[in-house]
Amino acid sequence: MRKNVMIMMAMLVGIVMCSCTGEKQKEASAKVNLRVGIEELQKQLPISAGAMMEVTDAQYENDEVCITYSLSESLYNGLKKAKDDPDMLKRSWCANLAIMDAKQKQVFGLIAEAKADFVAVFAGENGGEEFSFKMTGEELAEALNREGDPKELAREYMQSQCDLLNMQVPQTADEATTLVKVEMTDAEFRYIYEIDENVADMALLESNLDMIKTNISMLISSSPEMKLFMGNARKAGLDVIYDYRGNLTGKTVVLNVSQL
């Protein structure tokens with residue numbers, strides 16, 4: 001009986017040892033794959049990461065991947081306001097993983113599999129102070145593999161867009177039009193623009209709504225980011241509203257672009 005017990009214990013120890021060895025081999029292999037992935041990424045830099053951002057550097061040292069992003073001035077100035085709130089940047093980043101291209105998603109998957117930390121460094125395209133946030137491999141894996149109600153996930157994405165846009169206002173669209181605020185309710189995602197009535201006439205703006213609709217429709221059809229945005233708005237059950245307000249008369253012209 002004792003002999004049988006000893007045999008069973010030996011078998012259990014062997015299983016545990018094999019399991020530990022297998023995990024170490026798997027982790028070592030993941031680290032090798034990550035290094036290869038980062039080296040491949042480096043060869044392709046700089047890489048566009050959307051209309052206002054590009055990847056300019058990628059380094060992997062001491063179980064940490066540091067990727068540097070160059071931002072358009074409007075996005076840089078907006079995100080810079082949140083540099084002292086890394087948790088907010090991290091939440092927005094997790095919500096925006098979906099808009100990254102296949103190559104970037106692949107790299108993030110490799111980072112998570114290697115259980116490495118990820119540091120995002122942001123720099124303005126015209127220079128300025130750099131700022132960053134950091135995620136552990138576990139946090140990154142959770143963000144990449146997260147499942148949930150599609151409507152709620154879409155609403156989280158839309159809320160992150162609202163937060164990011166409000167960090168970038170006021171934002172000049174043209175000589176007469178300035179984005180001053182973005183609002184999100186249970187039913188709407190609303191852009192609020194102020195119109196300088198010394199430059200533009202609100203009545204003329206209202207009469208040109210069809211042309212504005214055409215321009216916005218062209219923007220949506222030509223921009224992967226806008227397609228993703230509008231797709232998530234539909235999933236979240238939100239109408240996307242453009243709200244133009246005259247700075248002198250207070251006259252308002254409203255355009256719902258959800259069906260474009």
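This is a predicted model: local features need pLDDT of at least 70, side-chain atom pairs count only at pLDDT 80 or more; totals for chains, interfaces and linings use all residues.
## Starting with helix 9

Helix 9 has 13 residues. From its first C-alpha to its last, helix 9 reaches 18 Å, close to the 18 Å expected at 1.5 Å a residue.

Which residues of helix 9 are buried? They are Met 226, Phe 229, Met 230, Gly 231, Asn 232, Ala 233 and Ala 236. An α-helix has 3.6 residues a turn, so residues three or four places apart point the same way. The buried residues of helix 9 pack against helix 6 (150-166), strand 8, helix 8 and strand 9. Just after helix 9 comes Gly 237, which takes a positive phi of about 75°.

## The sheet beside it

How do strand 9 and strand 10 pair, and over how many bridges? Strand 9 (residues 239-246) pairs with strand 10 in the antiparallel sense, over 5 bridges. To see the pairing for yourself, look for Arg 245, which stands opposite Thr 252 in strand 10. As you follow a strand, keep one general idea in mind: in a regular strand the side chains alternate between the two faces of the sheet.

## Helix 8 and Lys 213

Lys 213 is a handy residue to look at here, as its place is in helix 8.

Is Lys 213 buried, exposed or partly exposed? Its relative accessible area is 31%, so Lys 213 is partly exposed. Lys 213 touches Leu 255 and Leu 260, not counting residues up to four places away in sequence. Lys 213 and Leu 255 are 42 residues apart in sequence, and their C-alpha atoms are 8.0 Å apart in space.

Helix 3 passes helix 6 in a left-handed crossing.

Which residues meet where these helices cross? From helix 3 come Met 88, Ser 92, Ala 95 and Asn 96. In helix 6, they meet Glu 156, Tyr 157, Ser 160, Gln 161, Asp 163 and Leu 164.

Now look at an earlier part of the chain. Strand 1 (residues 47-48) and strand 2 (residues 53-61) pair in the antiparallel sense over 2 bridges, and Ser 48 stands opposite Glu 54 in strand 2. Strand 2 also pairs with strand 3 (residues 64-71), in the antiparallel sense over 8 bridges. Here, Ala 58 stands opposite Ile 67 in strand 3. Strand 2 and strand 3 form a hairpin with 2 residues between the strands, in which Asn 62 takes a positive phi near 50°.

Ser 72 has its place in the loop between strand 3 and helix 2 (73-80). With a relative accessible area of 15%, Ser 72 is buried, because buried here means under 20%. Ser 72 touches Met 52 and Glu 125, not counting residues up to four places away in sequence.

## Stepping back to the whole chain

Another serine, Ser 29, lies in helix 1 (residues 2-44). Ser 29 is partly exposed, with a relative accessible area of 37%. Ser 29 and Ala 114 are 85 residues apart in sequence, and 8.2 Å apart in space from C-alpha to C-alpha.

How many helices and strands are there in the chain? There are 9 helices and 10 strands. The chain has 260 residues, of which 40% count as buried. Among the contacts in the chain with a separation of 6 or more, 59% are accounted for by residues 24 or more positions apart.

Notes: Residues are numbered from 1 along each chain as its sequence is written. Side-chain values use heavy atoms; hydrogens and water are left out. Two strands pair if DSSP finds at least two bridges between them. Helices (H or I, at least four residues) and strands (E, at least two) are DSSP runs, numbered from the N terminus. The expected span of a helix is 1.5 Å times one less than its number of residues. Buried means under 20% relative accessible area, exposed over 50%, partly exposed in between (1.4 Å probe, protein chains only). Contact means heavy atoms within 4.5 Å. A crossing is left-handed if the near helix is turned anticlockwise from the far one by less than a right angle, and right-handed if clockwise.
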